[in-house]
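Colleague: I'm new to reading protein models. Could you walk me through this one?

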Amino acid sequence: MTTLDRVGATTGVDALGRLLGTVPPSPDAAAELLVGAATLLAGTSMTVAAWRDGRWQVLAGSGVGMAGLPPGGPSAAEARSGRIVGPDGAAALCWDPEVRLAPEPVGLLEQARVWMSLQLAGARAEDEEYAATVEADAVREVSRRLLSVRDLDQVLLTVSEQTLRLLESDICGVMLREGDVVRMRACVGNRATQTARLTMRRGQGVAGLVFLTGEPARIDSYLDDETISDDFNSLAEREETRSALAVPLQLQGEFLGVLEVWRRRHSVFTDRDMRRMVTLADFATIAIDNARLHDEQVAAAAELSRAHEALQNQHTLLDRASRLQQELLRIVVGGGGLPAVTRTVATELGCEVAVYGPDGARVAGHRARDLVSRLPASVPTRGGEIVPTPEDRALLAHPVYADGDQVGQVLFARCGPSQDLLAAVAGQVAMACSLALMRERAVGRARAEAAEQVLWDLLQGSVEHRLAARTRAQHLGITLTGGLRVLHGRIENVEVLTAQHGWDTSQVDRVRRRVLRIVRTLHGRGLSLASLRGDLLVAVAADLDRIGAKNLVNAFSGAVHSELPELRLRWGISREYHEAVDLPSALNEARTALSAAKRFGGQDVFLYEELGIVRLLLGSGDDPDLQTFVDEVTGPLLDYDRDNDGSLIRTLRAFFDADCSQKLAADRLFVHHKTLRYRLERIRKLTGLDLGRHEDRMRADFALRLLQVTRHDDPEDTDPGR
């Protein structure tokens, strides 16, 4: 030690050692404890920093050494010039660069930085789970308000409040188009009165930019950004705004306004923030459309009031429509899905109704009793978009929107005296379907993202991350008990099909998503732990023997082929592992099996345990499978020879030395040929190898030769039958 006295260093080492065995309640508490122990160890002031919101932030300490941190974020681990930085958690330890520390305390400080990174990673995982819950709550709250309140301003205020909370912002506003300007209709979080009265023309400020382009706009530094005008810089200074995100409100191609949020702190809005904004913007557009429908109903009621008989008929119609609407609201708010919506509509209106997905396939439907079905099992689509239904006086269609896209349509077969009522409630039915789909999407997306993170933590994370991921999997209801296998698939010919059919990027992504959807949902055999990166698919399955594993991936391939006949998949499957922490090894085995499937062809599914010698040739350089291969073949024979005073190893060697001639081998061993046959049959039962097959003979011979060069003690020296 050059900079520490012996007593102080020992105290610091003890303090740091005790700290690394604890789990503080929060990253901030962990940072405070770490600063104290590190300062005691190093004998100089220390700083603990973390990479957050695109910049380094001090978690604890005096701030000394912060100037030396890399401005672009975490990089390769380094311990020079007064800092230790690593990429595995975005944590850094800093001190005065003039103070030089010996290698021993630097090594202990690097361990402390890794410990701090784990605390930060755990906190981030909890934050992501909380964020998914907040998002689902926001969607549920906006759905409830939208379906229970007809006042447009109240709904827009709810959208503003939930957007502000969900995006962790300081100001949120909804601006609606009035001719050539957009005017603020709902605003929360503002300090200046002028903010709540904003009016913008095309090109003015962030909302004006969205008004001009019709596209979302994201600003990281309001006063410094040159893509927006400076018309509202003074107001931005008064509000102390730093960053902004705005998305358009559009309904069937019509620009209705802008939804915008601002933050007063330095931060960067993410793609996830933009997706959430688009979802909430859809609710605002639904509210506007709902208000228009409501106005139309009021106008119709006023017109019908001029004639008594017509008034009575219209009253009956509106009463039924209202009751149906309230029933749909109750179903959607109560968590009912598309089957419950279609059943209620068909029963109430005495008609047939069906909902079709983006691929034109019927996803839900119902018809009133004693009706003959008139609606098809699918409707035409073109390039992923639904083709408008041909004119038919007996049919009524209404589009269904979710997340800004048309995701299907509702089709009605007009029956009986309910045609006027059907026309009046078609929009409400479509809206109920849209809300049900959006809720299902939000919940499903949050669960899928959480499960995907669990999968990659299990396959590629450190031991600590794998243990934490196993716990998170239990919380998600994902079973990781019994024999676990990794399934590794590859979509072989996407690029070829893209060139043949002229697919664009969105169509290619849609094809890949359909493959992943099949793996996750196939007929009750889908796998929750599945992910697709590019053309490579990875999944974890439990309790599958060899035949079951092959049948499962063949079922996946068959289902993909039925939807996309030209698409081809290959699969590699690992051996069974009984501990989730061993899944990285299973992934390596699945990759090796997939490599064999690609190189050798002939079949589209390869199991690792069936590769034999091939897996030694294809495995990675640090794969311990050489000894595993030897033990699989010779282990049972060595155990038998040891426990039964046998000579199976010596017999097998003699058999191969005699060029697989049983007579010659028996002569060389000085035993009867029936004795030799008995020993060979015993070898077959113990190893499962049929020495009459060339492949099994080669495998046994190779393992026997490897045994000679890998064992320090010659197995023949312990063979009592020699």
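Here are some questions and answers about the inside of this chain.

Modeller: Before you ask, this is a predicted model, where local features need pLDDT of at least 70 and side-chain atom pairs count only at pLDDT 80 or more, while totals for chains, interfaces and linings use all residues. Residues are numbered from 1 along each chain as its sequence is written, and side-chain values use heavy atoms, with hydrogens and water left out.

Colleague: How far is C172 from the nearest cysteine sulfur?

Modeller: A disulfide is a pair of cysteine sulfur atoms within 2.5 Å, and by that rule the count here is zero. C172 is buried, at 0% relative accessibility, and C187 is buried too, at 17%. The sulfur nearest to that of C172 belongs to C187, and the distance is 7.7 Å.

Colleague: Which helix gives the most to the lining of the largest cavity?

Modeller: Picture a 1 Å grid over the protein atoms alone: a cavity is a set of points where a 1.4 Å probe fits but cannot get out, and lining residues have an atom within 4 Å of a point. Grid points are joined across faces, edges and corners, and a volume is the space filled by probe spheres set on the points. The search finds three cavities of 30 Å³ or more, and the largest has a volume of about 130 Å³. Helix 5 (205-213), helix 6 (233-239) and strand 10 (254-263) each give two or more residues to its lining, but the top giver, with three, is helix 6.

Colleague: How many residues in that lining are nonpolar?

Modeller: There are 14 lining residues, with L198, Y222, L235, A236 and W262 nearest the centre. Ala, Val, Leu, Ile, Met, Phe, Trp, Tyr, Cys and Pro count as nonpolar, Asp, Glu, Lys and Arg as charged, and the others, Gly among them, as polar. That gives three polar, two charged and, for nonpolar, nine.

Colleague: What kind of aromatic pair do F211 and F255 form?

Modeller: Rings of Phe, Tyr and Trp (its six-membered ring) pair if their centres lie within 6.5 Å, and planes under 30 degrees apart count as stacked, over 60 as edge-to-face and the rest as tilted. F211 sits in helix 5 and F255 in strand 10, 44 residues apart, and both are buried. Their centres are 5.0 Å apart with 20° between the planes, so by the cut-offs the pair is stacked.

Note on methods:
Buried means under 20% relative accessible area, exposed over 50%, partly exposed in between (1.4 Å probe, protein chains only). On a 1 Å grid over the protein atoms alone, a cavity is a set of points where a 1.4 Å probe fits but cannot get out, and a pocket is an open set with protein on both sides within 12 Å along at least five of seven lines; lining residues have an atom within 4 Å of a point. Helices (H or I, at least four residues) and strands (E, at least two) are DSSP runs, numbered from the N terminus.
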